Every structure is written in structure tokens, then in C-alpha cells.
Amino acid sequence: MFTGLVSDVGRVAAVSGDSKLKRIAIDCAYDPAGILIGASIACSGPCLTAVTVTKRDGGCTFEVDAAAETLARTTVGEWVPGRRVNLERSLRIGDELGGHLVTGHVDGLAEIVAREPVTAKVDDVWAPSERFVLRAPAHLSRFIAEKGSVCLDGTSLTVNGVEGDTFTVLLIPHTLAVTTWGERRAGDRLNLEVDLIARYAARLTEARAAVAG
């Protein structure tokens, strides 16, 4: 489990393999002593398993394997050397849950429709921010609600508004600076994981409707 709070931004160092299985090496600032082989790391959303860990100046390089399902459902299949990815280590018992519960199981891909500069109040100071308008796949849009949570490229965000299959999120300067969001533009696709509670609430509602019917 994860929280959607990005703890480092890594960089893809190498990619090998094909559409059935790819091995991806990622450079990061994590202490290699704290990453065991088999550890789960959220890489811009998808939960991937560290299969090798090598110490390097300033941190480490870890490798992950992405199988066909991950390559087909996420942006991982598009990754090339040099791409930056949001990273988060798995949640430990006792850690602060600052975002929301995230599984690292990507539901689909959202597309950025527009990026708009806005001014938002942060800690009683008006600061330049960015509003992103995104389009969700039709089968997932029903799980996205105003003021609810959503995970995009591994980042826990609050939904500001919803209209049909589009929704908006607001990124403050800090988030833009410490994640890959500052690089995102209209047309980009992002890994989308809907809120776990929303998914199960909808499932429960459907089950009750079926019984009543």
C-alpha cells in the first residue's frame, strides 16, 4: 500500500526487453541499504518490484520487471532512458497517512485536456498554481467525485470539479516542483488509480440494486 505522496523523482537509466516483458533500470536518491530485493516501489503509479539494487553516487539504481499486463494498461511501455518518474516506497505500519490509501494497481489512463495557470491561496499567501483538466476513461469516470481523491502518476490529488468524463485538479507550486507534474502538458497520458473507497462503495451499491431487482 502507498499514500500517493511522492518521496523522490527518479530517472529511467535503461530499458530492455519487448512487449511481453521489459526490464527497467531507474536511478534515484534512495539509500540502497533500505531497499531489499523484492521491495515494492510505486513508479509513477504502478507498484513494481525491485529485482536488483546497485549503489551509486547520491543513491542507487534499482531494476524492475514490467510484464505484458502492466505494459498494456499503463504508460510504462512508453518509458525511455531519461524519463523522470515519481517514486514512493511502500507504506509501513505507523507511517503518517498524509495522502489517501493507494494500491499501486493502475485502473486506466487519463489524458490531460488542458493546463491553466491560476492563483491559489497557500498558507494565507496567494501563489501561482496550475489547474489541470483531465479526461478519464468512460468506465472509470463514475468513480471520480468532486472533493474526492484520485491518484495520478503516483500523486494523491483532490478532485476540484467533475463534468461528464472530465475532471480538474489543482497543483500548488510545491507539488509542481517536487514531482514530474511541472513537465506535464496537454495531450500527455497519466496513470490513473481511482479511490479505493469509491470503487467498493460503487460495487456495494450495484450489489444492493441487483438484490432489490
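Trainee: What volume does the largest pocket have, and how should I read such a feature?

Mentor: The largest pocket has a volume of about 400 Å³. Of the 19 residues that line this pocket, Leu5, Ser156, Leu157, Thr158 and Thr175 are the closest to its centre. On a 1 Å grid over the protein atoms alone, a pocket is an open set of points with protein on both sides within 12 Å along at least five of seven lines, a cavity is a set where a 1.4 Å probe fits but cannot get out, and lining residues have an atom within 4 Å of a point. Points are joined across faces, edges and corners, and the volume is the space filled by probe spheres set on them. Please keep in mind that this is a predicted model, in which local features need pLDDT of at least 70 and side-chain atom pairs count only at pLDDT 80 or more, while totals for chains, interfaces and linings use all residues. Residues are numbered from 1 along each chain as its sequence is written, and side-chain values use heavy atoms, with hydrogens and water left out.

Trainee: Which elements each supply at least two residues of the lining of the largest pocket?

Mentor: They are strand 10 (155-163) and helix 3 (173-178), where helices (H or I, at least four residues) and strands (E, at least two) are DSSP runs numbered from the N terminus. Strand 10 gives the most to this lining, with five residues.

Trainee: How do the residues of that lining divide by class?

Mentor: The lining of the largest pocket holds six nonpolar, 12 polar and one charged residues. In this scheme Ala, Val, Leu, Ile, Met, Phe, Trp, Tyr, Cys and Pro are nonpolar, Asp, Glu, Lys and Arg are charged, and the others, Gly among them, are polar.

Trainee: Which residues line the second largest pocket?

Mentor: The second largest pocket, with a volume of about 220 Å³, is lined by Thr3, Leu5, Ser7, Glu88, Arg89, Ser90, Leu91, Arg92, Asp95 and Glu96. By class, this lining divides into two nonpolar, three polar and five charged residues.

Trainee: How many cavities of 30 Å³ or more does the structure hold?

Mentor: There is one cavity of 30 Å³ or more, and about 30 Å³ of space lies in the largest cavity. You can find its lining in the model by looking for Phe2, Gly4, Ala42, Gly45, Glu88, Val102, Gly104, Cys151 and Gly154. This lining has four nonpolar, four polar and one charged residues.

Trainee: Let us turn to charged pairs. How many salt bridges are there?

Mentor: Side chains of opposite charge can pair when their charged atoms come close. A salt bridge here is a side-chain nitrogen of Lys or Arg within 4 Å of a carboxyl oxygen of Asp or Glu, and by this rule the count comes to 10. One of them joins the side chains of glutamate 78 and arginine 189, at 2.2 Å from N to O. Glutamate 78 lies in the loop between helix 1 (68-73) and strand 6 (84-89), and arginine 189 lies in strand 12 (residues 189-194), so this pair ties together parts that are 111 residues apart in sequence.

Trainee: Are glutamate 78 and arginine 189 buried, exposed or partly exposed?

Mentor: Buried means under 20% relative accessible area, exposed means over 50%, and partly exposed is in between (1.4 Å probe, protein chains only). Glutamate 78 counts as partly exposed at 36% relative accessibility, and arginine 189 is partly exposed with a relative accessible area of 39%.

Trainee: Which residue forms a salt bridge with arginine 115?

Mentor: Its partner is glutamate 130, with the closest N and O atoms 3.2 Å apart. This pair links distant parts of the chain, since arginine 115 is in strand 7 (residues 108-122) and glutamate 130 is in strand 8 (residues 125-135), 15 residues apart. Arginine 115 is partly exposed, with a relative accessible area of 25%, whereas glutamate 130 counts as buried because its relative accessibility is 16%.

Trainee: Which residue pairs with arginine 131 in a salt bridge?

Mentor: Arginine 131 pairs with glutamate 116, and the closest N and O atoms are 3.7 Å apart. Arginine 131 lies in strand 8 and glutamate 116 in strand 7, so the pair ties together parts that are 15 residues apart in sequence. Arginine 131 counts as partly exposed at 31% relative accessibility, and glutamate 116 counts as partly exposed at 32%.

Trainee: Which residues are linked in a network of salt bridges?

Mentor: Arg23, Glu63 and Asp65 are linked in such a network.
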